[in-house]
Amino acid sequence: MLSREEEAAVGRDDLEVRREDQDKINKFSRLHQREMLLEDDLKSRAKEKEDLEEISSELELADEDEKVPYKLGDAFIMLPLPEVQQLLSKSTDKIEKSVSATENKLGDIREEMNSLKVELYARFGKSINLET
């Protein structure tokens, strides 16, 4: 809620929203949505990586000669332990690269959002709320 003074200030400084301002607001909104999707993606990949690391540590206790089930798609196949450990290592590396790329994208999006915030707050002051 705005205080009476703020409401009065907004009434006095009522600015017309130009087309370029609306474009910036829309772009900020799209970036915010993309940011939320990337954050969710990062959380799921972090969970997946954690699961793979847990499985790898469990497999260290298994016998070298033992065949263990490895999931490929929807099916499990029995593979020798060293091969499974190698596949898990490759999967973990792949996830780490993906996480790194996603974090870079997220950083770029946040930079762009911050520059849009600065521009829009400079134009509209307290009459716009861009806090996420």
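Helices (H or I, at least four residues) and strands (E, at least two) are taken as DSSP runs, numbered from the N terminus. The structure is a predicted model, in which local features require pLDDT of at least 70 and side-chain atom pairs count only at pLDDT 80 or more, whereas totals for chains, interfaces and linings use all residues. Residues are numbered from 1 along each chain as its sequence is written, and side-chain values use heavy atoms, with hydrogens and water left out.

Helix 2 (residues 19–59) and helix 3 (residues 81–124) have axes that come within 8 Å and cross at roughly 160°; axes are lines fitted to C-alpha atoms, for helices over the stretch in contact, with angles from 0 to 180 degrees between N-to-C directions. The contact of helix 2 with helix 3 comprises 19 nonpolar, seven polar and 19 charged residues. Here Ala, Val, Leu, Ile, Met, Phe, Trp, Tyr, Cys and Pro count as nonpolar, Asp, Glu, Lys and Arg as charged, and the others, Gly among them, as polar. Helix 3 is followed by G125, whose phi is positive, near 60°.

Residues L52, I55, L59, V68, P69, Y70, K71, F76, V84, L88 and S91 line the largest pocket, a pocket being an open set of points on a 1 Å grid over the protein atoms alone, where a 1.4 Å probe fits, with protein on both sides within 12 Å along at least five of seven lines; lining residues have an atom within 4 Å of a point. Strand 1 gives the most to this lining, with four residues. The lining divides into nine nonpolar residues, one polar and one charged.
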